[in-house]
Amino acid sequence: MKIVCEGIELSDALGKVVKACSVRTTNPLLECVKLTAENDGLTLLATDGELSIQKKIRAEVFEEGSLCVPGKYFAEFIKRLEREQVTLSSEGERLDIRYADSESSLQTLPAEDFPRVDAVVEEKRVTLTAKNLKELIAKTVFCCAQDDSRPILKGCLIRAEEGMIRFTALDGYRMAVCEKNLEEIRGEIKIICPGRALTEIARMLGGDEERIELFVQNNALRVSIENTVLTARLYEGEFVNVANIIPHEFLSEVIVERAVLAESVERAAVLARADKSSIVLFDIREDHMNVSSNTPIGKVDETVKILLEGKDVTIALNSKYVSECIGAVTDEKLRIGLNGAVAPCVITPVTGEEFLYLVLPVRTS
């Protein structure tokens, strides 16, 4: 293999592709980026078995070929050559990197041993705007579980039917639901996509009005954006039946200005974080809500104006969960539904059903 390309283009491509390299593995190939030089370009590919990212860049190809290089080190090295023109050539089990009047090298592994990434046949497809996809991801993926105790909860349930697409994520303490209109749909979809894959898709998205196509087949999802192709292996199994979790009637309903509540919770959270439960107390009475935290470090007690329909209620919630939920939306006002101190708190828009957040209360003595 021998090619010449611009350092800035190679560095940009590596920055995207290396996100799919495995960080902890017994298979060194999963830590590599596969380089393939053919025709008029260089294709970079990385996979950890769950997520695969491929990107093609322009290159002058003098000799076609493929090899695998350590992804992390190659990306970090090329990042320091963004102003240079770079020549890559293979010599046995070595990749030579020439730039300006200098030369460096990296050890390589054979490309034929690299894991195969199956192509996704365009069996089912949905099309939506980049703006809607960005919002679906931003409003839900932070609620995906981070630990491996229930692996399926590290994914986001995606359902598409009748011109609508809905994302649902939960981690056992909170839940997020967001739905948007589709531009087109071919075949109903019900899949569980890794939250990590959705985060990488969000980073790939460009202009808000761009139309994005998501392709699904069997156990894989694929999206292609500007010469970058991301393929995610989907989780198998049954997701939590969220219909049984969401209450539809409330003893207390609060209308509150989102920005005012967000700022108050953030201030209370500064001291609440001194306690491992990070508790903020919400005491709701008539036309106001007291937002307070009380720890050995100190005390915060603030009053936020509200509109209340129903009974007075006091509930303790994890400040981080509340902050992340109300911080993910931009509505001027929010509706909060409550059924007492030990039932879930539900946050929705004042009108419509575009999003829903559910946060479990913290029991206090």
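Student: Where does N39 lie, in terms of β2 and β3?
Tutor: N39 is in the loop between β2 (32-38) and β3 (41-47). Strands here are DSSP runs of E of at least two residues, helices runs of H or I of at least four, both numbered from the N terminus. This is a predicted model, in which local features need pLDDT of at least 70, side-chain atom pairs count only at pLDDT 80 or more, and totals for chains, interfaces and linings use all residues. Residues are numbered from 1 along each chain as its sequence is written, and side-chain values use heavy atoms, with hydrogens and water left out.

Student: Is N39 buried or exposed?
Tutor: N39 counts as exposed because its relative accessibility is 59%. The cut-offs are under 20% relative accessible area for buried, over 50% for exposed and partly exposed in between, with a 1.4 Å probe and protein chains only.

Student: And what about the phi of N227?
Tutor: N227 also is not a glycine and has a positive phi, of about 65°. N227 sits in the loop between β17 (220-225) and β18 (228-233), and at 56% relative accessibility N227 counts as exposed.

Student: What does the side chain of K55 reach, then?
Tutor: The backbone oxygen of E226, at 3.3 Å. K55 itself is in strand β4 (residues 51-58).

Student: How many helices and strands does the protein chain have?
Tutor: Six helices and 27 strands. Of its 365 residues, 50% count as buried. The C-alpha atoms fill a box of roughly 75 × 50 × 35 Å along the principal axes.

Student: What classes of residue line the largest cavity?
Tutor: The lining has 11 nonpolar, no polar and no charged residues. Nonpolar covers Ala, Val, Leu, Ile, Met, Phe, Trp, Tyr, Cys and Pro; Asp, Glu, Lys and Arg are charged; the others, Gly among them, are polar. F282, M289 and C345 are among the lining residues.

Notes: On a 1 Å grid over the protein atoms alone, a cavity is a set of points where a 1.4 Å probe fits but cannot get out, and a pocket is an open set with protein on both sides within 12 Å along at least five of seven lines; lining residues have an atom within 4 Å of a point. A polar contact is a pair of N or O atoms within 3.5 Å; within protein, one must be able to donate a hydrogen and the other to accept it, and residues adjacent in sequence count only if both atoms are side-chain atoms.
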